[in-house]
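I opened this one to go through the sheets, the cores and the chain contact. My notes follow, in the order I looked things up.

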Amino acid sequence: MTANVTSPPSRNPFPIFGWRRLRVLLIACAVLTVLMTPAWQGSYFELVFRWMFIGSICLLIFGVFERWPKRLPRWIARWVLQVIGIVVIIPIAAWLAYVLTTQGNPVPFWHDKQRLAGFGMFTFMSLLIAPWMAVAALIGQINGKAQRQALAFELERSELERKAIDARLRLLQAQVEPHFLFNTLANIRELVDSGSPQASAVLSSLIAYLRAAVPRLHEPATTLRQELELVRAYLDVMHMRIPDRLQFIVHADDSLMTLHCPPMSVLTLVENAVCHGIDPSETGGRVEVRVVEANGRCRIQVVDTGIGLQDTIEGLGTGLSTLRERLQLMFGDAAQLRLISIQPRGVSAELEFPARRGVP
Amino acid sequence: MSARIPTAMIADDEPLLRRALRRMLGQVWPELEIVADARNGREAVEQFEALRPDVCFLDVQMPGLSGVEAARFIGHRAQLVFVTAFDRYAVEAFAQGLLDYLVKPVEVERSAETVARLRERLRASQGTIDTEALVEQLAERMLKGSAPSTLRWIRASVGSVVRMISVDEIDILRSDEKYTRIAWRGDAGKPADALIRTPLRELMAQLDPAHFILVHRAVVVNQRAISHVIRGGNETATIHLRSRDEVLPVMRNYLHLFKQM
């Protein structure tokens, strides 16, 4: 994210005599000069000079009131001040322009009827045009500002959205239930207290599980080998905790181990099977994980013989729905996730996605 | 009471945690005799009915009948101590009330305090503190979401022992004057019978009408236990069950329940 996108618009967005303003001024003066040329009897230099002089003064006033005073009382808007400033300055500027261009003359221009008429003409036309130009410029500025702000806002929002999704995914990937953790630790402590040789092995499994559950930022996809190691670590831990109620087996050919696998995908299905199928059952059951590759697709099946799909249980599916979301982000419609009730009891969860190998 | 050796039951679905609690109690309360181990709430209630221990250590999360539900059945007949792994809601609920609880992994110091309280209460033979309302509140909090109005477990006498029967295991309920006779699938799915002291009418009101249907004036059947229904002539039908040879006649008034679906 670049800093300038969100930085507030600078206080003086345009220099007083910026090129764009000068260009507009030149064009306006040129048009007015051309319009007046047919009726003009004096020198063209005077004509051009007077327009340029009046225009520059207007631009100066426009620019000055654009940035000064820094703070305005509530009852006056800056654009009003700018327009009033222009209206007030025009007669003065025209008068000055005439004084400057008629310096050598013995008679002051206000005694010369023709010159006085010319002065009136300049003042009148300026008053007619300059405030509108100022207003037009102001509207342009406001539009431009709004557009820039909208764009910046849009950018910021999409950026935030992306970040939110990232964060959510990381968070969901990193979820270790405190209930699971403390129960497992209580079990391990008992193994340690009783001097069981099993303690070290189970602790290793827990460490493997926790390590995997901590977000791996630079690994958008893991291999099936890593994923199944994680699944085994989790099942080992659970088997220590409820040995009489959980049996498990993992079938996967060695040739499949290099397949890409979305991180925590199989684990989510297995955790789901244990938490919602096996653990709520008095008699427990068996969890079977099977992976096959066919027609360029990787198919993972997690079958449990637990209590089956229960519509009363809340929370079933939060893990699955986030997995579904992640699959959608990674594969679009090319991935599928199905949950099927099986007989005599239990659930079969099936995950399918395009089989890919090697460096992503 | 002080002359008697205090007895206790430990209910937890994780065997190592039962062992851990037993070991810990051995340290802080050596004279306590652990008379029963239970692997779930149902066993806990059954063991309690059979052995009547003075203290029940109940894991909150157990398969089938939870520790809190078991506590409702045991009521004030024993000193109750809930055991839970870190669980924000449960701990919150316990901390507010007067219920005794231990948090897994159980620390010796913490359990010594609880044990001291229990000992004091047993020694003074002041009975249990009135926990029933608290347990009821707790159960309500923890069971939120699962329909609380329908009965899920029934306490029944089978011969001389009390059994906890999940309503899902029940095949048939028959009215027997003031009692109800229950045909259910017991250990390893073998058909068994039990008698309970509640009239069928009262039970019926608490059972889920989606699963339990009245097929005769005095007979209620679990729809999930039905294998098939055979229609006879003259508006009669018989119900055949999955795990029983018994055949149940359907009264004419209830035939509409078995019209082609």
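Predicted model: local features only at pLDDT ≥ 70, side-chain atom pairs only at ≥ 80, totals over all residues.

**Chain B sheet**

I began with strand S4 (residues 79-85) of chain B, which runs parallel to S5(B) and is joined to it by 5 bridges. Looking for a facing pair, I found Phe82(B) opposite Tyr101(B) in S5(B).

**Chain A sheet**

Next I looked up a sheet in chain A. This one is also open, with 5 strands ordered S2-S4-S5-S7-S6 (chain A), but here the pairing is mixed. Strand S2 (246-252) and strand S6 (336-341) of chain A sit at the edges. The twist averages 10° from one strand to the next.

I zoomed in on S6(A) and strand S7 (residues 347-354) of chain A, and they pair in the antiparallel sense over 6 bridges. Gln336(A) stands opposite Glu352(A) in S7(A). I also noted helix H8 (residues 224-241) of chain A packing on the sheet, where it touches S2 and strand S4 (285-294) of chain A. Its direction makes about 165° with that of S2(A).

**Cores**

Which residues have the most contacts inside the largest nonpolar core? I get Val270(A), Cys56(B) and Phe57(B), in a core of 109 residues. H8(A) turns up again here, giving the most to this core with 10 residues.

I followed up on Phe57(B). Leaving aside neighbours within four places in sequence, its contacts are Ala8(B), Met9(B), Ile10(B), Ala11(B), Leu21(B), Val81(B) and Val83(B). There is a second, separate core of 22 residues, and I noted Cys58(A), Val83(A), Ala93(A) and Phe122(A) among them.

**Chain contact**

Last, I counted the contact between the chains: 21 residues from chain A and 20 residues from chain B. On the chain B side, helix H1 (residues 15-28) of chain B supplies the largest share, 6 residues.

Terms used:
Residues numbered from 1 in each chain as written. Chains lettered and ligands numbered in written order. Contact = placed C-beta atoms within 7 Å. Helix = DSSP H or I, 4+ residues; strand = E, 2+ residues; numbered from the N terminus. Pairing = 2+ DSSP bridges. Axes fitted to C-alpha atoms, helices over the stretch in contact; angles between N-to-C directions. Core = buried A, V, L, I, M, F, W, Y, C linked by C-beta atoms within 7 Å. Buried ≥ 20, exposed ≤ 12 C-beta atoms within 10 Å, placed from the backbone.
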